[in-house]
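Here is a quick tour of one protein model, written for someone who likes to look at the details. Have the viewer open and follow along.

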Amino acid sequence: EWHDAFGLRGGVRRKVGDAWSWAAGLYFDDTPVPRRTADPLLPDSDRVSATGGATWTHRRFTVDVAAQVVRFQALDTRESGNAFVSRYGASVVSVSASFGWRWGGR
């Protein structure tokens, strides 16, 4: 009994000088899971996210850092006919870094 879902995404990347670039993005995901079938194994809900990051490049060496915040909208299964009566929401913050080396070419 799931339904079609809608997602909207957008982002930008901007080069700043020879060595730096910055990036940012936003997205919205509509959940395909109806409230009456959501359960502890699949507690999906609509979510909104913001991302940002930077890249530093020196010759063949690159360093990337990024962060993401995801906000899961509150999901309330009360009065939906769901056997798992619950109400919950969540947020996630993630941070990453990577180091790279390009072989050959420019």
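Let's start with Arg9 and Asp29, whose side chains meet in a salt bridge with an N to O distance of 2.9 Å. This pair links distant parts of the chain: Arg9 sits in strand 1 (residues 7-16) and Asp29 in strand 2, 20 residues apart. Keep in mind that this is a predicted model.

The two partners have rather unlike surroundings. Arg9 has 55% relative accessibility and so counts as exposed, while Asp29, at 12%, counts as buried. The cut-offs behind those words are under 20% for buried and over 50% for exposed.

## The other bridges

How many salt bridges does a search of the whole structure find? It turns up five. Another of them joins Asp44 to Arg47, with the closest N and O atoms 2.7 Å apart. Here Asp44 counts as buried because its relative accessibility is 15%, and Arg47 counts as buried too, at 18%.

Then there is the salt bridge between the side chains of Arg87 and Asp76, at 3.9 Å from N to O. Arg87 belongs to strand 5 and Asp76 to strand 4, so this pair ties together parts that are eleven residues apart in sequence. Arg87 has a relative accessible area of 56%, so it is exposed.

## Positive phi in two loops

Arg59 has a phi near 55°, a positive value in a residue other than glycine. You'll find Arg59 in the loop between strand 3 and strand 4 (61-76). Its relative accessible area is 69%, so Arg59 is exposed.

Glu79 has a phi near 60°, again positive in a residue other than glycine. Glu79 is placed in the loop between strand 4 and strand 5 (87-101). Is Glu79 buried or exposed? With a relative accessible area of 83%, Glu79 is exposed.

## A nonpolar patch

Last stop: the surface. Trp2, Leu41 and Leu42 make a nonpolar surface patch of about 380 Å². Of these, Leu42 is found in the loop between strand 2 (20-29) and strand 3 (47-58).

Why can Leu42 be called partly exposed? Its relative accessible area is 36%, and partly exposed covers the range between the buried cut-off of under 20% and the exposed one of over 50%. A patch residue needs over 30% relative accessible area, and Leu42 has 36%.

Notes: Residues numbered from 1 in each chain as written. Predicted model: local features only at pLDDT ≥ 70, side-chain atom pairs only at ≥ 80, totals over all residues. Heavy atoms only, no water. Patch = residues over 30% accessible without salt bridge, like charges linked within 9 Å, V, L, I, M, F, W, Y side chains within 5 Å. Areas by Shrake-Rupley, 256 points an atom, 1.4 Å probe, with all protein chains shown as cover. Salt bridge = Lys/Arg side-chain N within 4 Å of Asp/Glu carboxyl O. Helix = DSSP H or I, 4+ residues; strand = E, 2+ residues; numbered from the N terminus. Buried < 20%, exposed > 50% of the residue type's maximum accessible area, 1.4 Å probe, protein only.
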